[in-house]
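Please read the report below with the sequence and the model side by side, and find each residue in the structure as its name comes up.

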Amino acid sequence: MNLMLILSMAALALLALALILFFGVRQKAQRRTRLDVNRELYEQRKQELAQEYADGLLTEKALQAAERELDKRFVSENAELEQLEEHAIGRGIALPAVIIVVLAVVGYVLFGSWQQQQHADEARRALPELAQQVLNNQQSAPTSEELELFALGLRQRLQQDGGDGLTWMLYARAATALQRYEQALEAYAHAYKLEPTRPGILLGYAQLLINIGDEAQLQTAARLLSELLQVEPQNIDGLSLTGAVAYQRGDYPQAVQAWQLLLQLMPADDARRSAVQEALSDAQQQLTASAQQLRVTVEISDALRAQVPTDATLFVFVKAVDGAPMPAAVVRQAVTEFPVEVVLSDAQAMLPDYKMSQLNQWLVEARTCTDDGIEIASGDLGAEAQIVDAATDAEVTLVIAEKLTNE
């Protein structure tokens, strides 16, 4: 137990006893209720929460949740409390008053701030060893209790001096392991602001954004990984995550490039090689599929050439052979003369998750319309549909030779 703390408590006890004896004969008793005590504790905790929020240890959302819980507990604990009756403090209660003061001091020392201080001291003592475990990802990973202790020690450090990039990074890693993702994101943001070129910060921040982020956060992760590879071009984890982010975003060329370089850098006996090779193979297949394109030449029969309206619109589109109505790709353009040549690929997809590269065969159609709608209307002119096997460079010719009806 801290000697200074014991002496302070003893001094407070003597001071309280002297005040009771001095004022007990001359003044009426002061009324003090359990509600008063709880209210003081409540206000004290409110101030502590506000300070933690100001120090960046709590998000606004976490602060609001903590304040709601504090309010709920305060109302619950004081709902049935009755105020103590007023009594005069005289010579007759001097001894009970002394006993109460002593018990209060002992209780405070045993169960109050000393216990918190002891826990905080323990956290600070454990910081070096736990920091090594978190930094080096040792096999003997810290337990949840050790992580809680580690996070407490780091909060003590951050409150004292504001912390540097490394301390904020360690706190972010501890918060991530404890699944406190909002705190982790804020901690990484602090760390990145203080040391924007530290590889561990860039990598950890990006990885967290990838694991929990949306499209906007994936873009941020991609930027962080690009900055990491500028600092360490051969960072294996950075290359692995760069490939993963690129694949998720449909940037297959970048995914292939990152994973190919990763395989060159990885040792031959690295257990992760097979997983990277599988991912690379998948990305290469996706890249090949996305490079597929179909060149369509549209001609018109002599019998219908004169019937093409001057304001005609030509639609050329690819659908699934099984008759699915939604086109996988479509080209629309004004037409003044034939033949017309167009190229269809995934770039002309109508939906981001339904593309030509997903089909093994293409049903190719062409028609002229007098409006901008793709639906058939009476008077439209069309060509007989053709089936083409999907390929990198496929070609087909369609001849518009019939009038269409919407029946």
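Trp259 counts as buried, because its relative accessibility is 8% and the limit for a buried residue is under 20%. This value, like the others in this report, comes from a predicted model.

**Aromatic pairs**

The structure holds five aromatic pairs, and two of them are described here. Tyr188 and Tyr205 form a stacked pair, with 5.7 Å from centre to centre and 10° between the planes of the rings. Since Tyr188 belongs to helix 8 and Tyr205 to helix 9, this pair ties together parts that are 17 residues apart in sequence. Both Tyr188 and Tyr205 are buried. Trp259, with which this report began, pairs with Tyr247, and here the arrangement is tilted, with 6.2 Å from centre to centre and 35° between the planes. Because Tyr247 lies in helix 11 and Trp259 in helix 12 (residues 252-265), the pair ties together parts that are twelve residues apart in sequence. Tyr247 counts as partly exposed, because its relative accessibility is 24%, whereas Trp259 counts as buried at 8%. There is also an aromatic cluster, which is formed by Tyr188, Tyr192 and Tyr205.

**Helix 9 and its surroundings**

Tyr205 leads on to the helix that holds it. Helix 9 covers residues 199-212, which makes 14 residues, and it reaches 20 Å from its first C-alpha to its last, close to the 20 Å expected at 1.5 Å a residue. Which residues of helix 9 are buried? They are Ile201, Leu202, Leu203, Gly204, Tyr205, Ala206, Leu208, Leu209 and Ile210. The buried residues of this helix pack against helix 7 (165-177), helix 8 (181-194), helix 10 (215-231) and helix 11 (236-248).

**Salt bridges**

| Glu195 | Arg198 | 2.9 Å |

Glu227 and Arg223 both lie in helix 10, where they are four residues apart, about one turn of the helix. Glu227 counts as partly exposed because its relative accessibility is 21%, and Arg223 is also partly exposed, with a relative accessible area of 39%. Are the two partners Arg367 and Glu365 buried or exposed? Arg367 is buried, and so is Glu365. Apart from these bridges, salt bridges that share partners join Asp237, Asp270 and Arg272 into one network.

**Strand 5 and its partners**

Strand 5, which covers residues 361-369, is mostly covered, as eight of its nine residues are buried. Strand 2 (residues 313-319) pairs with strand 5 in the antiparallel sense over seven bridges, and within this pairing the bridge partner of Leu314 is Thr368 in strand 5. Strand 5 is also joined by four bridges to strand 7 (residues 386-389), and these two strands run antiparallel. One of the places to look for this pairing is Trp362, whose bridge partner in strand 7 is Val388. Two bridges join strand 5 to strand 6 (residues 381-383), again with the strands running antiparallel.

**Leu398**

Leu398 counts as buried because its relative accessibility is 0%. Leaving aside residues up to four places away in sequence, Leu398 touches Val296, Thr297, Val298, Glu299, Val364, Glu365, Ala366, Ala383, Glu384 and Gln386. Finally, Leu398 and Val340 are 58 residues apart in sequence, and their C-alpha atoms are 9.9 Å apart in space.

Key: Residues are numbered from 1 along each chain as its sequence is written. This is a predicted model: local features need pLDDT of at least 70, side-chain atom pairs count only at pLDDT 80 or more; totals for chains, interfaces and linings use all residues. Side-chain values use heavy atoms; hydrogens and water are left out. The expected span of a helix is 1.5 Å times one less than its number of residues. Buried means under 20% relative accessible area, exposed over 50%, partly exposed in between (1.4 Å probe, protein chains only). Contact means heavy atoms within 4.5 Å. Rings of Phe, Tyr and Trp (its six-membered ring) pair if their centres lie within 6.5 Å; planes under 30 degrees apart count as stacked, over 60 as edge-to-face and the rest as tilted. A salt bridge is a side-chain nitrogen of Lys or Arg within 4 Å of a carboxyl oxygen of Asp or Glu. Two strands pair if DSSP finds at least two bridges between them.
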